[in-house]
Amino acid sequence: MSDAAARAPARSSSKARPALLNALQVGLPAIALLVMLAIIFSIRPAAMSYFGFHLLFKLSVPLVFAALAQMMVIMLGDIDLSNGAFVGLITCVTALYLQDAPALALLCYLVLIAVYAGFGLLIHSRQLPSIIVTLGMSFIWLGIAVILLPAPGGSAPAWLASFMSWQPPLMPLSIWLAALAALAGHLVISRSSYGVVLRGAGGNPRAVERAGWSVIGIRVAVYAAAGLLACLAGLTLTGLTTSGDANVAPAYTLLGVGAVILGGGAFTGGVVSPVGTVVGALTLSLAGSLLSFLQVPPTWQIGAQGVILFLVLAGRVLLSERAR
Amino acid sequence: MSRTTALFVAAMLGCTSFATLDARADDGVAKGDTSAKKIAFSNSYAGNSFRQVMIKSFEEMGAKAVADKQVAATAVVSSNNSVTEQASQIENLILQGYDAIIVLAGSDTALNGAIKDACNAGITVVAFASGVTEPCAYVVDYNLDSYAKAELDFISSKLGDKPANILEIRGMAGDGFDKRLHEGVEKAMKAHASYKAVGEVYGQWTATVAQKEVSGILPSLPQVDAVLTQGGDGYGAAQAFKAANRPLPIIIMGNRQDELALWKQEHDASGYETFSLGATPSVSQVAFWVAQQILAGKQVPKFVEVPLLQINQPDLDAWLKTVPAGGVVNAEYPQELVAKIIDANAKKEPLPGVPAPK
């Protein structure tokens, strides 16, 4: 949780923060995650095993990638409402083509990522609000997905499905992937000097431009990276569900935003934490599980999930108020 | 690490294989001991009245089964129409050690991965009222070909082989249920060469829409002898015939309270006779008992067709008393009835009907 230090360049006032509060704020989603796991294990000790972790976190892999994609866009001070629909489209492309025509599938991915980068460019060059453009794009993604695959179906390539059910040594695949994604994000976004420029493009684009960087180039690259991460989310999701479905992941859009904010990000741009986002995504995907372990009545489950999210977010906001 | 997994799976498999050892293909209720078994219901959506009744039916039957020591516990989890959430809920149910999971799937395919995990962990999965494609799951569903056939069989029992004009009220254009039921009607019509389809309207399963649409097409039609419906549209169709001062044809009803009330009123006034059928929300109870029977060691075919609830003239009054105003007929599916349904499916015999209330 040392990315608070790496975030310092983006915020000049952070040195004044009390160190403990600061650590608490970054660690809050991690603490929430541990508390939820403790409750689940006390109800069902059998879950405290390799197999238990495997099942608990299996479906969080695509959410982790979708949340990281959302994080890239939020880093620029934008928001991406098309994220979930795009993941649904990727599952359709994957289930339809990746098995029989891998070249066509790869071409589709490249074109779709290029379109992602393209509307990043559009948002910047025409100074459009990202919330409108991406909302529009979400309907376009859904429309294309429904044209490609009118009813849920298709099948994931065997290698993809068996990769997602692969059980590597030491930790389940989901934890490995989450840890690797967090580490890669941490090194690129929070540690590297290029990461400082990327965050600066969201926090203070003018300064970055004055320093001789092309903000347009950065924005296009970041949107393309978001598209690539969303592609990974779609691929892993197809591997898990073994089929394509245009309407499989609309919830990822807002869960992704929730994960970024939970993990220490802010809508102002420039303030994001990859490690926090990954932990946030794991926390959110576990919140639903917790309720079914607690046997909350079905009519209350949807509301109760909202309450958990609210409590964790409120805790974070309170801590950051104190820290200021 | 993989040894722990193997042990876990083996332990779960052990539970079910004990039950299957003394499996019998005998008729009737399998008596294997299931008093320690837990059955969960994974539901994709809880936000409308049909689903609420469905969950309540399951919970009531589950509570009764627990009290009778037929199962140890039941649980219901609902996802808010989010398929990924339903998938992760199924993974959780595996972890919580349920012996059987009944699933009302939000997607025909997207839960396949989770359902397969459950099967691999030795859990019995029964999907109902949805076309889950994972082959390891048992499927409990209606057959819409039977729906259409029952409608036409009743008409031919009244009209015989005389030439007759038939109006079909369909549901909604592009809807899957409507498409499958209409295909069933087309198949069933082939068996009755003397019947002629004279018209087709979309009633959207709603009395007011059906009344408007039927009123619109009536002036262009010759005498209509029978009306095929999809449920919810019978009352509106009757009103349209009355408003046009036409004699009331045989209108197949769809188990709605307004339809049954109208039928009774017409029967009392002029001896009018028809027939009513439809799906019931308590199909969740069928899935529950199918799961319990599999755990008890009964041999169950992979597809179990559920009989539609059919109401004939003698039972009309009894059924009408059980329906709240504006509601749909619901019924209880006790264990013995479900065992009979399973047997009829296994032997490919006609399905038993749902008995009328006393």
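Residues are numbered from 1 along each chain as its sequence is written, while chains are lettered from A and ligands numbered from 1 in the order in which they are written. In this predicted model, local features need pLDDT of at least 70 and side-chain atom pairs count only at pLDDT 80 or more, whereas totals for chains, interfaces and linings use all residues.

Chain B is divided into domain 1 (2-142 + 280-307 + 330-347) and domain 2 (144-278), with bounds that come from an automatic or database domain assignment. The centres of these two domains, taken over C-alpha atoms, are 35 Å apart. Along the principal axes, the C-alpha atoms of chain B fill a box of roughly 75 × 40 × 40 Å.

Chain B holds 12 helices and 12 strands, which are DSSP runs numbered from the N terminus (helices H or I, at least four residues; strands E, at least two). Four of the strands form an open sheet in the order S7-S6-S8-S9, with parallel pairing, where strands pair if DSSP finds at least two bridges between them. Strands S7 and S9 of chain B each have a single partner strand, so one side of each is left without a neighbour in the sheet. S8 and S9 of chain B pair over two bridges, and B:Val227 stands opposite B:Ile251 in S9(B).

| Strand | Residues |
|---|---|
| S6(B) | residues 164-170 |
| S7(B) | residues 195-202 |
| S8(B) | residues 226-228 |
| S9(B) | residues 250-251 |

Note on methods
Contact = placed C-beta atoms within 7 Å. Axes fitted to C-alpha atoms, helices over the stretch in contact; angles between N-to-C directions.
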